[in-house]
Amino acid sequence: ETFPPGGASDGAVGTQRKFVPLAPPVPPDTAEGGDGATALSLRRRLPLVMIASLVDKTPNLAGLCRTCEVFNCEAVCMPNIKIVNDVQFQAMAVTAEKWMPIR
């Protein structure tokens, strides 16, 4: 699709479009042979590690986790790994913590 410099084809400015990855991710529980850990370890990740040591708000950490999932980062380092069990984190991260190596 080609859009004019000012915005989308219908005149809307600032609209978001769905990100389409180059290859679909393999869910951990449906990987070949049933070994989800192997499928995730074989997936090529970008050599980028997000260090979130100064971020303390749960929604911000969850948002960073989702962003790192989209960019297929190598890992996310958080000050407390137990934050992934928080209900607020899980609501915002939308299963991104299951795809990202969190340290």
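Modeller: Start with I102. Contact here means heavy atoms within 4.5 Å. Leaving aside its neighbours within four places in sequence, I102 is in contact with C65, V76, M78, I81, V84 and E97.

A word on the model. It is predicted, so local features need pLDDT of at least 70, side-chain atom pairs count only at pLDDT 80 or more, and totals for chains, interfaces and linings use all residues. Residues are numbered from 1 along each chain as its sequence is written, and side-chain values use heavy atoms, with hydrogens and water left out.

Now take V84, one of the partners of I102. V84 is buried, with a relative accessible area of 15%. Buried means under 20% relative accessible area, exposed over 50%, and partly exposed in between (1.4 Å probe, protein chains only). V84 sits in the loop between β2 and α3. Helices (H or I, at least four residues) and strands (E, at least two) are DSSP runs, numbered from the N terminus. Beyond four places in sequence, V84 touches F89, Q90, E97 and I102. V84 and C65 lie 19 residues apart along the chain, and their C-alpha atoms are separated by 9.8 Å.

I102 also belongs to the largest nonpolar core, which has 15 residues. Such a core is a set of buried Ala, Val, Leu, Ile, Met, Phe, Trp, Tyr and Cys residues joined through side-chain atoms within 4.5 Å. Those with the most contacts inside it include L61, C65, M78 and I102. Two or more residues each come from α2 (58–70), β2 (73–77) and α3 (87–93). The most come from α2, with four residues.

So look at α2. This helix has 13 residues. From first C-alpha to last it reaches 19 Å, close to the 18 Å expected at 1.5 Å a residue. That expected span is 1.5 Å times one less than the number of residues. Its buried residues are T58, L61, A62, C65 and C68. Seen down the axis of α2, they fall within an arc of 125°, so they line one face of the helix. The arc is that of the directions from the helix axis to the C-beta atoms. An α-helix has 3.6 residues a turn, so residues three or four places apart point the same way. The cover over the buried residues of α2 includes β1 (46–51), β2, α3 and α4 (96–99). Just after α2, N72 takes a positive phi of about 55°.
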